[in-house]
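Let's take a walk through this protein together, from the confidence of the model to its strands, core and charged pairs. Please keep the viewer open as you read.

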Amino acid sequence: MKNVFSPAFISGILAAVIATSCAPVSSESAKTAEPASQTQEERVPAPTTKASGKIEVLSRHDTNAVFQGARRHVCMGRSMLCPDRCGHSGTLAVFKIENYNKYEQFGKYGDPQTDEFIFMLKSTTGESDVPPALAEKIAALKPGDKVRLVWEHVYVSDENGARPERPVRVLESE
């Protein structure tokens with residue numbers, strides 16, 4: 001049977017598949033060939049709330065919220081690392097927003113006000129979106145506990161690329 005697809009078409013499809021993978025690759029690692037023995041954790045920088053580089057605050061949310069509990073999340077991406085090695089599966093902390101004490105949006109790209117805030121406590125790769133002290137505070141909460149929750153929507157540009165982050169700045173029991 002004759003191949004009806006041109007090499008250029010096949011290359012374009014492969015490039016699109018690689019570009020839509022759920023695990024981002026830093027521009028530095030894309031420039032160099034990597035040994036086959038290197039693991040995903042070594043190649044891909046972990047998400048961080050302790051970013052170095054340029055940080056632009058897009059919005060700030062100061063809220064009163066109710067802790068809904070922690071729930072398991074499974075990534076439904078289609079990369080070969082999904083669902084257990086991509087870093088997008090794990091335990092989520094879920095908060096229902098009761099009201100806003102203060103909301104600020106800087107420019108047009110900041111997150112709007114919301115009625116729920118969810119973030120990754122710990123992924124299946126062991127990474128966390130929160131510092132250990134904050135994770136301990138969340139572990140002490142029970143569903144239904146009322147808290148003051150403050151977070152920011154920031155855009156981080158550093159040696160690992162550019163990405164949005166939503167670090168929690170304050171979590172206090174009411």
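This is a predicted model: local features need pLDDT of at least 70, side-chain atom pairs count only at pLDDT 80 or more; totals for chains, interfaces and linings use all residues.

## Strands that pair

Two strands count as paired if DSSP finds at least two bridges between them. With that in mind, look at Ala-70, whose bridge partner in S2 is Ala-93. This bridge belongs with the pairing of strand S1 (residues 54–73) and strand S2 (residues 90–105), which are joined in the antiparallel sense over 14 bridges.

Strand S2 also pairs with strand S3 (residues 116–123): the two run antiparallel and share seven bridges. Here Phe-95 makes a handy landmark, as its bridge partner in S3 is Phe-117.

The mean pLDDT of the protein is 74, and 65% of its residues reach 70 or more. Confidence is highest in strand S4 (residues 146–158), at a mean of 95, and lowest in helix H3 (residues 40–43), at a mean of 32.

Where does pLDDT stay under 50? That is the case over residues 14–49, and for this stretch the model has 31 contacts beyond four places in sequence.

## The nonpolar core

Which residues touch the most other members of the largest nonpolar core? They are Phe-95, Phe-119, Ile-138, Leu-149 and Leu-171, out of 18 residues in that core. Two or more residues each come from S1, S2, S3, helix H4 (132–140), S4 and strand S6 (168–173). The largest share, four residues, is given by S2. As general background, nonpolar side chains tend to be buried together in soluble globular proteins.

Leaving aside neighbours within four places in sequence, Ile-138 is in contact with Phe-67, Ala-93, Phe-119, Leu-121 and Leu-171.

## Salt bridges across the fold

How many salt bridges does the structure hold? There are nine. One of them joins Asp-62 and Arg-148, with the closest N and O atoms 2.9 Å apart. This pair links distant parts of the chain, since Asp-62 is in strand S1 and Arg-148 in strand S4, 86 residues apart. Asp-62 is buried, at a relative accessible area of 14%, whereas Arg-148 is partly exposed at 27%.

Another salt bridge is formed by Glu-98 and Lys-146, and its closest N and O atoms are 3.7 Å apart. Glu-98 lies in strand S2 and Lys-146 in strand S4, so this pair ties together parts that are 48 residues apart in sequence. Both ends count as partly exposed: Glu-98 has a relative accessibility of 43%, and Lys-146 has 44%.

Glu-152 forms a salt bridge with Arg-169, the closest N and O atoms lying 2.9 Å apart. Because Glu-152 lies in strand S4 and Arg-169 in strand S6, the pair ties together parts that are 17 residues apart in sequence. Is Glu-152 buried or exposed? At 9% relative accessibility, Glu-152 counts as buried, while Arg-169 is partly exposed at 44%.

Asp-158 lies in strand S4 and counts as buried, at 15% relative accessibility. What does the side chain of Asp-158 reach at 2.9 Å? That is the backbone nitrogen of Asn-160. The side chain of Asp-158 also makes a polar contact with the side chain of Arg-163, at 3.0 Å.

Finally, Gln-113 sits in the loop between S2 and S3 and is partly exposed, with a relative accessibility of 46%. Beyond its neighbours within four places in sequence, Gln-113 is in contact with His-61, Tyr-100 and Tyr-103. The C-alpha atoms of Gln-113 and Thr-63 are separated by 9.8 Å, although the two residues are 50 residues apart along the chain.

Note on methods
Residues are numbered from 1 along each chain as its sequence is written. Side-chain values use heavy atoms; hydrogens and water are left out. pLDDT is the predictor's confidence in each residue, from 0 to 100. Contact means heavy atoms within 4.5 Å. A nonpolar core is a set of buried Ala, Val, Leu, Ile, Met, Phe, Trp, Tyr and Cys residues joined through side-chain atoms within 4.5 Å. Buried means under 20% relative accessible area, exposed over 50%, partly exposed in between (1.4 Å probe, protein chains only). A salt bridge is a side-chain nitrogen of Lys or Arg within 4 Å of a carboxyl oxygen of Asp or Glu. A polar contact is a pair of N or O atoms within 3.5 Å; within protein, one must be able to donate a hydrogen and the other to accept it, and residues adjacent in sequence count only if both atoms are side-chain atoms.
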